[in-house]
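Work through the following exercises with the sequence and the model open beside you, and try each task before reading its solution.

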Amino acid sequence: MTEERKNKDDGQATGSPTSSKQSNDSSTREIVIPGEVIGEGDLLPGEGTEKRDGKIVAVRYGLKESDSKLIKVIPLSGVYQPRRGNIVIGKVEMLTFNGWVIDIGIGENAFLSVAEVPRYVNKNDLGEVMDLGDMAVAKIWGINARGIDLSLKSRGLGKIEEGMIVEINPSKVPRVIGKEGSMISMIKEETDCQITVGHNGFVWIKGDEIENELLAKKAIEFIARKSFVSGLTDEVKKFFEEEKK
Amino acid sequence: MITPEINKERVMKYLQEGKRFDGRKLEEFRELTIETGISKNAEGSAKVKLGNTEVYVGVKMAVGEPYPDSPDKGNLMVTAEFLPLSSDRFESGPPQFPSIELGRVTDRVLRESHFIEFEKLCIKKGEKVWTVFVDIYTINDDGNLLDAAGIGAVAALKSAKIPFYDGKEGKIDYEKESKEKLPLSKDIPLSLTAYKMGDKIIMDPTREEEDISDARVTLGIKSGVVSSMQKGLNDKINVEDLGKIFDLLEEKSKEIVLKIEKSLK
Amino acid sequence: MEVKSKPEVSSQPNKKQNSVERPDGRKADETRPIVAEVGIIPNADGSAKFAFGGTVAIAAVYGPKKMHPQHKQNPSKGVLRCDYSMMSFSVKDRIRPGPSRRSMEISKITEWALQPAIDLEAYPNMVVDVHINILQADASTRCAGINAAAMALAHAGIPMKDMVTSVSIGKLDKELVVDVNKAEEDWEEGEGATDIAMSFTSAGELTHMQLDGHITTEQLKEAVKLGQKAVKEIYEIQKQALKTGKKIETGGKKK
């Protein structure tokens, strides 16, 4: 089952947040519901849809998006679907003899092996690196029958020392990141904070002033709330203008 | 979600500067809205919202035997259910301590303040009296259920009417419209809670804030008189702080009572 | 329902007979005013309210999430778990808090009603919890509960092949009516009352049916057809609520 999912996912997403293909053309967006016929004819059924008796039917609640070939449903809600290459933020739930079990907010646990930590780790004292309840930014490098494997071997990964965590629905993550990362860059610039967006819906914000962190938090929550609005970038610009008055 | 440790540190650090995440002052309440008459089969009912925290309270009445030590007085029964619907932290199954405590704290503020005039709820001395049931349900938990439940109980009781009791048949006749209001004291009691976080005292915490509080003090107050109290959670409170808390709660109760009275008009 | 002496059932129901007058003046195929709204519980992954007149149900969905206890996990797909309960003050005679035989049966019936529409293949070992509470009851509470639950599941982003819509069909004396209220449930004239709760997927297939009363199989077939017709209209209201994110209220007669 897990194996199957992995293959499917690899075909659908590259895992990079900036490659999100979400269209900016929101004028044609319509919210559809499960079981609703959303297309006919030669269109290909994409994510969140299936073909039934020659018709394309939505199997998720979300935004209908189509081009000349493909029709799909972009979810507005739902649980995180792990994909290889995703950045996730999680909490240490258990220490084992060779690594950490990390809760990334879904049904299955993720495992970070000692071998995936880019520094010397004293196996007798894993808690010195990360202890129960600590939070970390990690990358999914493998999904298999045993579960999800995490790694810290990349820039920007590791234990979270301070700042704040904001939780949004994972379906809103592409909007928070924006096209080519444009949205998140704007928030970083406006708030002077470092921000890491986990694909699992956890966002880590760190700034010099708590006020700045709170402004970033507010902006992210604003985007999550308005995720199906067209012209979101302008809305967010307005949001910052209002906030800075 | 369970509040992450680093968020707790941030909340605390900000509090030390006298500030809260949502911009409120330390003792400031969130927006309070009260709606009564939300369930037509109840004798009285209310929905209370404090920001994102929401509770429903319903009042039912039944006729039963009085307790031997109060043969001419009605009875009160308060229960609280933390519905799994209202938070992923609440599970189905037997009641857990927080719901039991919520029911008991609310029971005491209503009972000890003599809000309900039980002597007027006697049908036949030693044989038949009214029992007033106050049932509290959580709908969305974003902190401070204690105060929301107390306000909800008062509002539901204020809206309650006594059903028609058919003495001959020995049962309540719901077909007959009831006009008689539940006998209550003119002044309303209030159960208000102050939360200690580090060396700061705050009121009406969000879930995130309540998760960090070390101790809390709930006072049941009616017209400036304290008639019930609960000190909760693990930490100790020094007596000087306690005095400040009493003053704060008394002051605050005046403000909240006004708000309730205004919205019940 | 109380046990009554069984009146004779006419073997040939005749629709053209004197039609019964419904206590609230509705037409035979008319539901009570409906209220439908999603997103009413901020903490939940999905939530909804659904009302048939004086019957008000609220539902919240949490998950898919880890299944506890572990021995209840299904390694091949996710598990749907429903719990239905009535608030103590939702009826005239107070209900003692906590589960009852009735609420436990309805919980399971609700699960069966929704199961065919949802697809939890992608969530092995996980559980989707659906909590339904009845705030106010005027009969047909399980139908309102199922309608709220289906909306909350969709709202939570759970993969679903279809929506589910539920309605009760009553037989008052000899005549079939849509959406039974308490006064009709207690109907005593002629052949008395028969209460038939049923649920369908939006593709029109039956996922739940229960009956109390007395009716010929012939008329029961008619009842199913009437139910199928009624849920089409109710489905449109569920759909609108989900599509607009707003509270949808159908007019109906103000009493």
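**Exercise 1.** Find which residues Ala148(C) touches, leaving aside those up to four places away in sequence.

Solution. Counting a contact when C-beta atoms, placed from the backbone, lie within 7 Å, Ala148(C) touches Ala48(C), Lys49(C), Phe50(C), Ala57(C), Ile58(C), Ala59(C) and Ile132(C). The model is predicted, so local features need pLDDT of at least 70 and side-chain atom pairs pLDDT 80 or more, whereas totals for chains, interfaces and linings use all residues. Residues are numbered from 1 along each chain as its sequence is written, and chains are lettered from A and ligands numbered from 1 in the order in which they are written.

**Exercise 2.** Determine how many residues each chain gives to the contact between chain C and chain B, and which element of chain C gives the largest share.

Solution. Chain C supplies 22 residues and chain B supplies 28 residues. On the side of chain C, strands E3 (55-66) and E5 (126-136) each give two or more residues, strands being DSSP runs of at least two residues, numbered from the N terminus. The largest share, 5 residues, comes from E5(C).

Methods: Contact = placed C-beta atoms within 7 Å. Helix = DSSP H or I, 4+ residues; strand = E, 2+ residues; numbered from the N terminus.
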